[in-house]
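Please consult the sequence and the structure shown here alongside the text.

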Amino acid sequence: MAKNGVASVLNDGRVVIGRVRQGGLVPLFMTMWRIGVGMPKFCAVLRDITAFKRSEAELRAAKDAAESASRHKRQFLARVSHELRTPLNATLGFSDSIRSGRYGATRNERYPGYLTALHHSGPHLPPLTNHPPDLPHP
């Protein structure tokens, strides 16, 4: 220790692994400083950081789980969006063709009202399927 890396341990401290008497390892934070005059001597303080490391691992696992859930949500919404767009576009296209009379007049008096409702409500959905509200737009 006196020859290799003492300066960083003296200045900042360092995480080290200790071996316990009963067997096993324990994470420790070691801080050292010089004492005495002449022949260099050192004093070390070791702190058990097991609880800190456990909390750190739990936070990392929670972050990973949240990122995984977010990724699955994005994938699900992308699939649903893709599956909705094709029939929605067809419905809007056909309703527009019928409404404009491109293939002849509609004979039932209710159809124009239905087609107008489709024409006015349908265009609100494609933006939602392209960019769901809780996802950032590219």
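Gly18 lies in strand S1, which spans residues 14–19; strands (E, at least two residues) and helices (H or I, at least four residues) are DSSP runs, numbered from the N terminus. The model is predicted: local features need pLDDT of at least 70 and side-chain atom pairs count only at pLDDT 80 or more, while totals for chains, interfaces and linings use all residues. Residues are numbered from 1 along each chain as its sequence is written, and side-chain values use heavy atoms, with hydrogens and water left out.

With a relative accessible area of 12%, Gly18 is buried (under 20% relative accessible area; exposed is over 50% and partly exposed in between, with a 1.4 Å probe and protein chains only). Apart from neighbours within four places in sequence, Gly18 is in contact with Gly24, Leu25, Val26 and Leu28, contact meaning heavy atoms within 4.5 Å. Leu28 is ten residues away from Gly18 along the chain, and 6.5 Å separates their C-alpha atoms.

S1 belongs to an open sheet of three strands in the order S1-S2-S3, with antiparallel pairing; two strands pair if DSSP finds at least two bridges between them. S1 and strand S3 (41–48) are the edge strands, each pairing on one side only. On average, neighbouring strands of the sheet are turned by 45° against each other, direction ignored. S1 and S2 also form a hairpin with five residues between them, and Gly23 in the turn has a positive phi of about 105°.

Elsewhere, helix H2 (residues 50–100) packs with helix H3 (residues 111–121) at an angle of about 135°, their axes being 9 Å apart. Axes are lines fitted to C-alpha atoms, for helices over the stretch in contact, and angles run from 0 to 180 degrees between N-to-C directions. H2 is therefore oblique to H3 (angles under 35 degrees count as roughly parallel, over 145 as roughly antiparallel, 65 to 115 as roughly perpendicular and the rest as oblique). Thr91, Leu92, Ser95, Asp96, Ile98 and Arg99 of H2 make the contact with Leu115, Thr116, Leu118 and His119 of H3.
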